[in-house]
Amino acid sequence: MATPAPGNAAPVRSGDRSPRARRLCLVLVLLMLVMSALSLGAGASDVSASDSFGAWLAGRDLPLRDRIVLFDIRLPRLAMGLLVGAGLAVSGALMQGLFRNPLADPGLVGVSAGASLGAVAAIVLGGALPAGLGLLPAAALVPLFAFAGGWVAVILLYALATRGGRTSVATMLLAGIALAALANALVGVMIYKASDAALRDITFWSLGSLSGAHWSKVVLAAPLILTALLLSPLLARGLNALALGEAAAMHMGVEVQRLKRGAVLAVAAATGASVAIAGGIGFVGIVVPHLVRLASGPDHRWLLPNAALLGAVLLAGADIVARLVVAPAELPIGIVTAIAGAPLFLWILLGQRIRLEG
Amino acid sequence: MLLTEGLSVRLGGVPVLEGVGMTAQPGVLTAIVGPNGSGKTTLMRALTGEIGYRGRIALNGAEIRDLRPGELARIRGVLPQSGGLSFPFTVHEVVRLGQEAGAEPLRADGPGAALVRVGLGDYAHRLYQELSGGEQQRVQLARVLAQIGSPVSPEGRPRWLFLDEPVSSLDIGHQLLVMGLARDFAAAGGGVVAVMHDLNLTAMFAASVLLMRKGALAEQGPPERILRDDLLSATYGCRIRVGVAPADAVFLLPHSCAHGVGG
């Protein structure tokens, strides 16, 4: 009797794991609600979420302090955490499906490198920008530049990898590495030129954080991330067929080029927006889809929504940890996800190796 | 029916197929044979709409380059030569992928029924990646059968199976099972085109044989006209003697093949 390889949900008798995936979906929705309640109650201040919401629902006025803590600090922060977690996790699932590799990461399409170049440029050159852009507050400049940088990188990469109407996924992978190296070199040039204050901003941006949460950021990112989340199920059948290879997917009626374009656009929108508002948060995109496949199999019709839910739950949870461990200060959330995610990633990698060599 | 005229394919600027004019009729199994590098698989890839071509390929009267992948998927299924799978799907899930791509309404027992036909009735829960090569090949066939459904559409038009070396990793019992399934599909009014290496199985199951040589169609005809000593010896570059065994024997075509002799 072979032991099931890591990365596989234990088989069920009929071979149909969709009932299990449906149950997982329900559990994750409940977990998200619980995590949201915990997140609203957690923080440096002693405001109780349940008391405050109870009072609010009963129509009583809240003290101003409580209202600010809940509605202007914790709620936008929770919304950002849920959106970014879901966006990164769905992007990871889409990339892994597109590259046919469970270790692919949203960063592979150049979004993250382009976005960090944009963000660093905004931080370092912020003061020296033309008058029109100078009117924008610095806080808005960084996400806008990060988002623009991410998109420029993706479009460039897609154009480089497309010849005669066909996109080569392998070319995209390799060109992505080259483009990321170039972007990092340019970041290096700007760091070399940067002031000490800018250096500190750059460091914190690259560690990733939800601490600058504000409704304006939520409004910037939510339409993009939600669009990607809601349209991703349209790609599910195509990604399932693609697991059998590009030729087999085409034989099964999938418009492969359209599928690739759709997946790249969705990842650029969701990852671009996530990185723009929260900086570099690692490992969510790789690890979350893998955990979902482990629990209920690789069918993308369930993998995509369940990854979104689990990503949202985990990032909201990581944010609670980030806020509590060194309260009243807080850790950048990217540190929390890396500490938890890196060992998980290694575990996945070793499991893969055992399967490939065994 | 399936018909090509002046079919040419260049891959990376190199001509791989030149001026192929062939036909395949529904109701019978058409085999494509020929030595390595003669263009069999390229012909197959062109016929299934996978690569661009010059000339004509008409499937049931429609030029295949004008059909969308979704339209093609409802009139023909393709069994690939190799069956890699990048994620741990179960056998049931793989076969269901085929069923979802096809023309017929989804039936809960569809994947199971297709698996029974290829002799893998109790494999539904197994992980595809953990099966042997021969088992994977049969799961792929079940997926293609689930995709294509019945051999004739409700409008009375034939559906087609394209099989690229369908028995390459099978033992002799399963070779006969799979070729028998293909022949039954044809007998029920569907079309079957198969790339074959085994000339004995070709002689047993094909009613029409295309002999490929150096990127061109050397001959097309019934097996008794194509599978001849002189034609095969010249094409494969070795001496081949064709014999005919009693009607119920498996090996109809014992051939002695010595490289460097004849040609």
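Tutor: pLDDT is the predictor's confidence in each residue, on a scale from 0 to 100. This is a predicted model, and that scale tells where to begin. Chain A has an average pLDDT of 86, with 91% of its residues scoring at least 70. Within chain A, helix H10 (residues 236–242) has the highest confidence, at 96, while helix H5 (residues 131–134) has the lowest, with a mean of 52. Residues 1–7 of chain A have a pLDDT below 50, and this stretch makes 13 contacts in the model beyond near neighbours in sequence.

The pair to look at is helix H9 (residues 215–231) and helix H12 (residues 256–278), both of chain A. Their axes come within 8 Å and cross at roughly 155 degrees. Angles over 145 degrees count as roughly antiparallel, so H9(A) and H12(A) are roughly antiparallel to each other. The crossing of these two helices is left-handed.

Now the residues that meet. H9(A) brings A:Lys217, A:Leu220, A:Ala221, A:Leu224, A:Ile225, A:Thr227, A:Ala228 and A:Leu231 to the contact. Facing them from H12(A) are A:Ala266, A:Ala269, A:Ala270, A:Ala273, A:Ser274, A:Ala276 and A:Ile277. Sorted by class, the contact between H9(A) and H12(A) holds twelve nonpolar residues, two polar ones and one charged one. A:Lys217 in H9(A) is the charged one, and A:Thr227 and A:Ser274 are the polar ones.

Definitions and conventions. Residues are numbered from 1 along each chain as its sequence is written. Chains are lettered from A and ligands numbered from 1 in the order in which they are written. This is a predicted model: local features need pLDDT of at least 70, side-chain atom pairs count only at pLDDT 80 or more; totals for chains, interfaces and linings use all residues. Axes are lines fitted to C-alpha atoms, for helices over the stretch in contact, and angles run from 0 to 180 degrees between N-to-C directions. Helices (H or I, at least four residues) and strands (E, at least two) are DSSP runs, numbered from the N terminus. Angles under 35 degrees count as roughly parallel, over 145 as roughly antiparallel, 65 to 115 as roughly perpendicular and the rest as oblique. A crossing is left-handed if the near helix is turned anticlockwise from the far one by less than a right angle, and right-handed if clockwise. Two residues are in contact if their C-beta atoms, placed from the backbone, lie within 7 Å.
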